[in-house]
Amino acid sequence: MSSSSPPRIAGAILTVDDVTVRFETPEGPVIAADDVSFTVKDGEFLSIIGPSGCGKSTVFNVIGGLLTHHEGTVRVAGETINGPHQSIGMVFQEESTFPWRTVTANVAFPLELTGMPKQKRIERARYFIKMVGLDGFENRYPGELSGGMRQRVSLARTLASEPKILLMDEPFAALDEQTRLLLGDKVLQIQQQLRQTTLLITHNITEAVQMSDRILVMTYRPGKVKRIVDIDLPRPRTSEIVGSEAFGRYVAQIWNDLREEASRGLRDEEAHVLHHEAASS
Amino acid sequence: MAETGRLRQAASAGPLLSPVTLVRVAIILGALSIWELLAHSGWLYRDVVPSLTRIGAALVDLLSHGDYYFNLGVTVGEIAAALTIGGMAGLAVGILLGANRFLSKAFEAYLYYLGPTPKIIFFPIMIMWFGVGPESKIALGTLSCFFPIALSVAAGMRQIDKVLIRVGRSFRANTMQMVWKIYLPAMRHPIINGVRLGLGMALIGTLLAETKLSNKGIGFLIIQAYSTFDMPQMYAQLIVLFVLAIGANALVGRLGGLANIKSK
Amino acid sequence: MSAGAPARGSPWRAFAPAATGLGTLIGFLLVAELLIRIGVINRFIVPPPSEVIESFGRVIVEEHVPRRFLLTLSECLTAGVMITVFGVAGGVTMHRYKLLQQAIETWVAALAAAPVVLAYPLFMVIFGRSAWTIIMIGFVAALPPVMLKTLEGLAGTRKVLVNVGKSFNLTQNQQFWKILFPAALPTIFVGVRLGLIFALINIVGVEFLINYGGLGQLINDLAERYDLPGTYAAITFVILVSVVFFMALEKVERWLRPVD
């Protein structure tokens, strides 16, 4: 497929190779992801960070197999994927619980699809509900829960499918800051407990530094890999680490990288608005 | 939903003495006494406003005759048949239009504008096609309920939260699983709402057709009471009919309430 | 319905759906015509579309369609004025007196869902076989949506607008006329449009049922004379009139509605 594939890394469970995605829009073709290549090691927590409009979510959809018209390849444990793969579990940015199912029925959903017997899948679902700290809410409907709790239901549902790789697209974007920090702790704790390989898409630097082993910074349109930063902070981590000096240095370093991209994005947006005003007046 | 909240509030504020209940009782009593006054005043032509006791007697008379239940059965059967045929057709067409943008653009405007036209005027055609028996009433009921159900389902299909579909796909659900576990439950509100509108339309269509031309059914009984100028009987008929119609509507609404437990 | 996205690519792509819709309709009529002519469908049950179209002119001239049309229209407009006046007044009253609203809102909603038109024999007893029977049924059937939408519009006024009014120390009257009513106006328009649609359906239907008045009676008349093409033509005409009426209402509503 590709002539410049990155060197095979021992223990690489996910390999993204020269992925390029083009979209046709009314204003002409847009390159959402340009030649994106990276690997994720078994048990690693990798974050992809970038300004809005850099194509992070496009990468998410390509790896998740929901977007198939791309160039390049994505391999899971050596197997090329073209469509949703059972080794990859996705947690979406948007509210994605089923409002007509209880918490238990929501979490048991992927198990139901595989035809697991009812008693067993309820048992499994309970296990993951407890893991995300929602025990006691098993029979509630999502409408009765807070946004943060609903996002934990989504997380438990994806964990219940026992994916090799947990793929999350800004799962905390819609939550307030405190909830976001506490939920981050929960994710870290689960990730360490399960040694869960995790790929997190985010635009929040604190979140990324707090959780990741490595951070991949993307450029603003077209979305390329700008830099990959190793985060050498001790584990286990909690949100308390946010106050440390080393943490601050990483945040500053990544903000430095991002600022350039974000302001490019901002200028682009402004130009866009002006262009539209000019066109409509 | 706000109404149930208020009702519950009213109930918890004391079963009989809440101001809302008092106002309601006052309105009902006021209306009934004005009615009774009119009935005894003799100002109105003959039996137009019969006294409440005579209406009550007619009501008891009506409900104690097996004859009424036979005619009720006929009408309910016609409505059920109309709702089944029209509902199935509406569901199928609605899903097609909801799933396909091209078809929706090509045909939905026709349904949208034909939907609210008066259907009873098609009754002469239905008689020519299906005869004077129950079939023509079922046909008119079917025609009446098809449109709201089709439009409601089509709109519901388009309103499905796209992320739920992506969730299903990410867990590699097959087509049947997508339909049964995602599309249909996600569309439960518009489907139930469509059935509710459709039920109302089927009821009106069927009964109006019965009043126009038939020899059995509730509509026939009503028009018979009218033509023999048996006013207490007609009031009794209409009261029972409205109670049943509003009850059926509330029942389907309750069904919707069950399906939507606390999912705001 | 939805104003399609601005045309991209060839003009055909923009018109294809509309052309398909119209083409299907014409194709359907042609097939019907053919099947009737070769005798697969009995022409004494379904007259050929060509005959129906031909009889349009005859029906319009011989059956005094313009006069009937004006009669039905004036019934609708009378009912329309009545539902607007009483519906808006009712909605405002319910909004002013919360206790009244709590007591009767569910009743009004039930009436909105109730098959009022089925009580037409009752209206005939009260008002006789006259235009007033028809107008009153249209009025009663179409009143609840106007009341409910008025109430919804007033109650749904954004809190911040009400607070703006309070901050300027408006009197209750000023508050109503300067803040609540203008804010509710778009919703009230929706209610009036729905009400007029209900009124038209019921008015034409009752004209047909009691064999009195305008366009509805025309259909009954022709059907009783067993004038097949005429009946089909009259039904088509009434449907067309209704559709034009709905479209016009939408246009008027959009035109009156402030940008929001």
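1. Terms first. Helices (H or I, at least four residues) and strands (E, at least two) are DSSP runs, numbered from the N terminus. In that numbering, Pro236(A) lies in the loop between β10 and α8 (245-280) of chain A. The peptide bond from Arg235(A) to Pro236(A) is cis, with omega near -5°.

2. Ground rules. This is a predicted model, in which local features need pLDDT of at least 70, side-chain atom pairs count only at pLDDT 80 or more, and totals for chains, interfaces and linings use all residues. Residues are numbered from 1 along each chain as its sequence is written, while chains are lettered from A and ligands numbered from 1 in the order in which they are written.

3. Chain A overall. Its secondary structure comes to 8 helices and 10 strands. The radius of gyration of chain A is 19 Å, close to the 19 Å that the globule rule gives for 281 residues, so chain A is as compact as a globular protein of that length. (The radius is taken over C-alpha atoms; the rule is 2.2 Å times the number of residues to the power 0.38.) Along the principal axes, the C-alpha trace of chain A spans about 60 × 50 × 45 Å.

4. The six-stranded sheet. In chain A, 6 strands form an open sheet in the order β6-β7-β8-β3-β9-β10, with mixed pairing. Two strands pair if DSSP finds at least two bridges between them. The edge strands are β6 (88-91) and β10 (225-230) of chain A, and each pairs on one side only. Neighbouring strands of this sheet are turned by 15° against each other on average, direction ignored. Axes here are lines fitted to C-alpha atoms, for helices over the stretch in contact, and angles run from 0 to 180 degrees between N-to-C directions.

5. Strand β3 (residues 45-49) and strand β9 (residues 214-218) of chain A pair in the parallel sense over 4 bridges. Leu46(A) stands opposite Arg214(A) in β9(A). Helix α5 (residues 147-160) of chain A packs on the sheet, touching β6 and β7 (165-169) of chain A. The direction of this helix makes about 170° with that of β6(A). Touching, or contact, requires that the C-beta atoms of two residues, placed from the backbone, lie within 7 Å.

6. The four-stranded sheet. Chain A also has an open sheet of 4 strands in the order β2-β1-β4-β5, with antiparallel pairing. β2 (28-41) and β5 of chain A are the edge strands, each pairing on one side only. Strand β1 (residues 12-25) of chain A runs antiparallel to β4(A), joined by 5 bridges. Leu14(A) stands opposite Val76(A) in β4(A). Helix α1 (residues 56-64) of chain A packs on the sheet and touches β1, β2 and β4 of chain A. Its direction makes about 120° with that of β1(A).

7. The hairpin. β4(A) and β5(A) pair in the antiparallel sense over 2 bridges. In β5(A), the bridge partner of Val76(A) is Glu79(A). The two strands, β4(A) and β5(A), form a hairpin with 2 residues between them.

8. Chain C overall. Chain C has 10 helices and 0 strands. The radius of gyration of chain C is 23 Å, well over the 18 Å that the globule rule gives for 260 residues, so chain C is more spread out than a compact globule. The C-alpha atoms of chain C fill a box of roughly 80 × 60 × 30 Å, taken along the principal axes.

9. A helix pair in chain C. The axes of α8 (residues 172-210) and α10 (residues 228-256) of chain C come within 10 Å and cross at roughly 165°. α8(C) and α10(C) are therefore roughly antiparallel to each other (angles over 145 degrees count as such). Among the residues making the contact are Phe189(C) and Leu196(C) of α8(C), and Phe245(C) and Leu249(C) of α10(C). The contact residues divide into 10 nonpolar, 1 polar and 2 charged. Ala, Val, Leu, Ile, Met, Phe, Trp, Tyr, Cys and Pro count as nonpolar, Asp, Glu, Lys and Arg as charged, and the others, Gly among them, as polar.

10. Chain C against chain B. 40 residues of chain C are in contact with 45 residues of chain B. Elements giving two or more residues to the chain C side include α1 (11-37), α4 (98-113) and α9 (215-224) of chain C. The residues of that side divide into 30 nonpolar, 9 polar and 1 charged.

Definitions and conventions: Angles under 35 degrees count as roughly parallel, over 145 as roughly antiparallel, 65 to 115 as roughly perpendicular and the rest as oblique.
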